[in-house]
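Trainee: Please take a close look at a single part of this model, the first segment along the chain, and describe what surrounds it. I would like one connected account with the cut-offs stated.

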Amino acid sequence: LAFFKAAYDMFEADFYVKADDAIYLRPGKVCDLMYKKMVYKSSWELLGNEYFSHASGLLYALSSEVVGSLAATNNDLRMFDYEDVTVGSWMLAMNVKHEDNRAMCDSACTPTSIAVWDSKKCSSMLANCVF
């Protein structure tokens, strides 16, 4: 919660992306994906119409509207042992829409991967990847 409050106070953004440090991330592809979604839908609706039990902690993006709502709380949100489960529970309580885009956390390093959960798989391809 402190992260989202600080990020919201420090940066004006359409989306706030949380990524683990153990993934291989192509920031340009994340930006392209978020832009494509914004062209067709309001950012509040980008999360889809259901939510899983957690936010798959490796990588997820929250709209500025959602983060703004979190930033406005009085720190009275329920916390769990794991940050992804905590964020998932908040999203359920807020009744936001969820989009499950597996390209945001691929298991293989391909030219279309946005993020790969095992960065070691991409280490030999780094020279050939298009950012």
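Mentor: On the face of H1 turned away from its buried side sit the exposed residues Ala2, Asp9 and Met10. Exposed means over 50% relative accessible area, buried under 20%, and partly exposed in between, with a 1.4 Å probe and protein chains only. Helices (H or I, at least four residues) and strands (E, at least two) are DSSP runs numbered from the N terminus.

The model is predicted, so local features need pLDDT of at least 70 and side-chain atom pairs count only at pLDDT 80 or more, while totals for chains, interfaces and linings use all residues. Residues are numbered from 1 along each chain as its sequence is written, and side-chain values use heavy atoms, with hydrogens and water left out.

The buried residues of H1 are Phe4, Lys5 and Ala7. They lie on the same side of H1 because they cover an arc of only 165 degrees around the axis, the arc being that of the directions from the helix axis to the C-beta atoms. An α-helix has 3.6 residues a turn, so residues three or four places apart point the same way. The buried residues of H1 pack against E1, strand E3 (59–63), helix H3 (64–71) and H4. Contact here means heavy atoms within 4.5 Å.

H4 covers residues 83–94 and includes Thr86. Thr86 is buried, at a relative accessible area of 4%. Not counting residues up to four places away in sequence, Thr86 touches Arg78, Met79 and Phe80. In the loop between H3 and H4 lies Asn75, which is exposed at 53% relative accessible area. Its phi is near 60 degrees, a positive value in a residue other than glycine. Most residues other than glycine have a negative phi.

H1 also takes part in a pocket. Helix H1 (2–10), strand E1 (15–19) and helix H2 (27–40) each supply at least two residues of the lining of the second largest pocket. A pocket is found on a 1 Å grid over the protein atoms alone, as an open set of points where a 1.4 Å probe fits, with protein on both sides within 12 Å along at least five of seven lines; lining residues have an atom within 4 Å of a point. The volume is about 220 Å³, and the lining has 13 residues, of which Ala13, Asp14, Phe15, Tyr16 and Val17 are the closest to the centre. H2 gives the most, with five residues. By class, the lining has 12 nonpolar, no polar and one charged residues. Nonpolar covers Ala, Val, Leu, Ile, Met, Phe, Trp, Tyr, Cys and Pro; charged covers Asp, Glu, Lys and Arg; the others, Gly among them, are polar.

Of its 131 residues, 37% count as buried. Among contacts between residues at least 6 apart in sequence, 75% join residues at least 24 apart. One such case involves Leu25, in strand E2 (residues 24–25): Leu25 and Leu59 are 34 residues apart in sequence and 9.2 Å apart in space, C-alpha to C-alpha. Leaving aside neighbours within four places in sequence, Leu25 is in contact with Ala19, Val30, Leu59, Ile114 and Ala115.

Notes
Points joined across faces, edges and corners; volume = space filled by probe spheres on them.
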